[in-house]
Amino acid sequence: MSTISQLKEFWDKLSLARKVLLIGVAVASIVVFAFLISWVREPEYGVLFSNLEARDASKIIERLKERKIEYKLEDNGRTVLVPRQNVYELRLQFAGEGLPNSSIVGYEIFDKNNIGVSDFVQKINYKRALEGELARTILQIEGVEAVRVHIVMPEKTLFKEDQKEPTASVILKLKQGTRITRENVQSIAYLVANSVEGLDPKNVTILDSRGRLLSDNSESDPLAKVSGKQYELKRSVEQYLADKVQSLLDGVLGQGNSIVRVDVELNFTQVEKTIEEYDPDKTVVRSEQTTQERSSSVDSSFASTNSQRTNTITNYEVNRTLQRIVESVGNIKRLSVAVLVNGTYKVSEVDGVKKVEYIPRDEEQIQKLTEIVKNAVGFNPDRNDQISVVSIPFEPAGEGVEFVRREDKRENWRDLVEKIVIGFAILGSIVVIFSLLGRLKVKREIPTVEVKEFPQVQPQPTLKEPETVTIEAVEPAEEEIEFERMKREQIKEKVMEYIRENSEQATRLIKVWLLEEEKAKWQRR
């Protein structure tokens, strides 16, 4: 029998449901096999260029089609992907062709010598080049996806009072999930201002792609900056002192048994003093000048008279002290500390019921804790510092925490049950599919069984003439019963002998009988 006829016979013996199942399995196998082949043969793609303008993307795609290179587009056509092994080679080739070139124009605009260009066009080109170079520089900042820069440079006037200041505007498009800090905004403003002659940072306006103003020109006021720094300094001092006290109390009372809050009043007044003091008791001779005059005269009697005069001038240096004192900014002017301390708890059992009794801290403990806090923060009574330590019971938070944890465990258990059920469902479906496929693979071949002829039994002699006999109830003769019993025994012996000699064929025969019985049941349904 040929293979085609065997297949045809096998197909004709299948029921309609099994034919449909077999066709479905074959089609699904072909589809999966084709998908695996296409997935294996599909090359791995890499990003060639991203964040492209429409003009650049169209030019790059045109060049790829000319080179017959496969490509993909993502991000609404702004990202071009090519096979990974060609990424770097294509980037170098496109860079040699000047692509992409329409997104940002820099100083390369002056690479071409345009003869006969007017001064106005040259100024416009210079402004375009400057804006493009600034945009390229700002793009190097982390988190910036795209940027546009606009610069306004007014014409120079004859008189200084009529001269207008240049201005600039920067529009930033940030990457998804990125936030730009205030320091980054200020750095961009200073970058643009220092790149344009005569531009002040306060004249640079920075916006994001949603139209929100990022730059605040009021911060250019030194007073506003000083106020912000003073507030940050105040917070840092308060946090520092609170951490010092909290660490000490946690070591003494235990974690969670104390709460510390600190308020600091800082003196930001900048004082510069010059003190000049003189001490009259401490004098030193600085210089001394002595002048002597001598004279002689003759009277009428020709008598000679001599005279002498001495004049002394002494200069004293008085002890002089000159002090120039500049007091530091940020000194603690006043300090206030508030400390809440939890008490102790005593568990007692009354009539089989547990009772929790709160015991507050005694005065001696509170006094010791107050001294610890004073030494930790540097208490100074001359500054009118205040330290308050109070013992009060804390509200227990255990029940809320347990409730949250139970809910989390329940959610985790529910997820685990869902995963187990899904796993069993998948496993069961796989077992059912394999069992159906195993049944279809059973060869429905009927083995050829060699049956030996049974010995013929001598028939009963026939009556020559019929006789009419009236019998009310005739029972089978003993000889006929014995004959039927012997016949069954002979058949049974033959079958047992066949099973012993051909066990494999007998097994197949039993399978064929079962399949025929199942087929008959299926057709009856």
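Modeller: Happy to. Let's start with a pair: the axes of helix 5 and helix 6 come within 11 Å of each other and cross at roughly 150°. Keep in mind that this is a predicted model. As background, two packed helices are described by the angle between their axes and by the distance between those axes. An angle over 145 degrees counts as roughly antiparallel, and helix 5 and helix 6 are therefore roughly antiparallel to each other. The crossing of helix 5 past helix 6 is right-handed.

Now for the residues at that meeting place. Helix 5 brings Leu130, Leu134, Thr137 and Ile138, and these meet Ile188, Leu191, Val192 and Ser195 in helix 6.

Let's stay with helix 6, which runs over residues 182–195. How far should its 14 residues span, at 1.5 Å a residue? The expected span is 1.5 Å times one less than the number of residues, so helix 6 should span 20 Å; its end C-alpha atoms are 20 Å apart, which agrees.

Which residues of helix 6 are buried? They are Val185, Ile188, Ala189, Val192 and Ala193. If you look down the axis of helix 6, its buried residues fall within an arc of 130°, so they line one face of the helix. Two of those buried residues, Ile188 and Val192, also turn up among the residues of helix 6 that meet helix 5.

What lies over that buried side? The cover for the buried residues of helix 6 includes helix 5 (119–139), and also strand 5 (167–174) and strand 6 (204–208).

One last stop, back at helix 5. Ile109 sits in the loop between helix 4 (87–96) and helix 5. Leaving out residues up to four places away in sequence, Ile109 touches Asn125, Arg128 and Ala129. Take Asn125: Ile109 and Asn125 are 16 residues apart along the chain, while their C-alpha atoms are separated by 7.2 Å.

Key
Residues are numbered from 1 along each chain as its sequence is written. This is a predicted model: local features need pLDDT of at least 70, side-chain atom pairs count only at pLDDT 80 or more; totals for chains, interfaces and linings use all residues. Side-chain values use heavy atoms; hydrogens and water are left out. Helices (H or I, at least four residues) and strands (E, at least two) are DSSP runs, numbered from the N terminus. Buried means under 20% relative accessible area, exposed over 50%, partly exposed in between (1.4 Å probe, protein chains only). The arc is that of the directions from the helix axis to the C-beta atoms. Contact means heavy atoms within 4.5 Å. Axes are lines fitted to C-alpha atoms, for helices over the stretch in contact, and angles run from 0 to 180 degrees between N-to-C directions. Angles under 35 degrees count as roughly parallel, over 145 as roughly antiparallel, 65 to 115 as roughly perpendicular and the rest as oblique. A crossing is left-handed if the near helix is turned anticlockwise from the far one by less than a right angle, and right-handed if clockwise.
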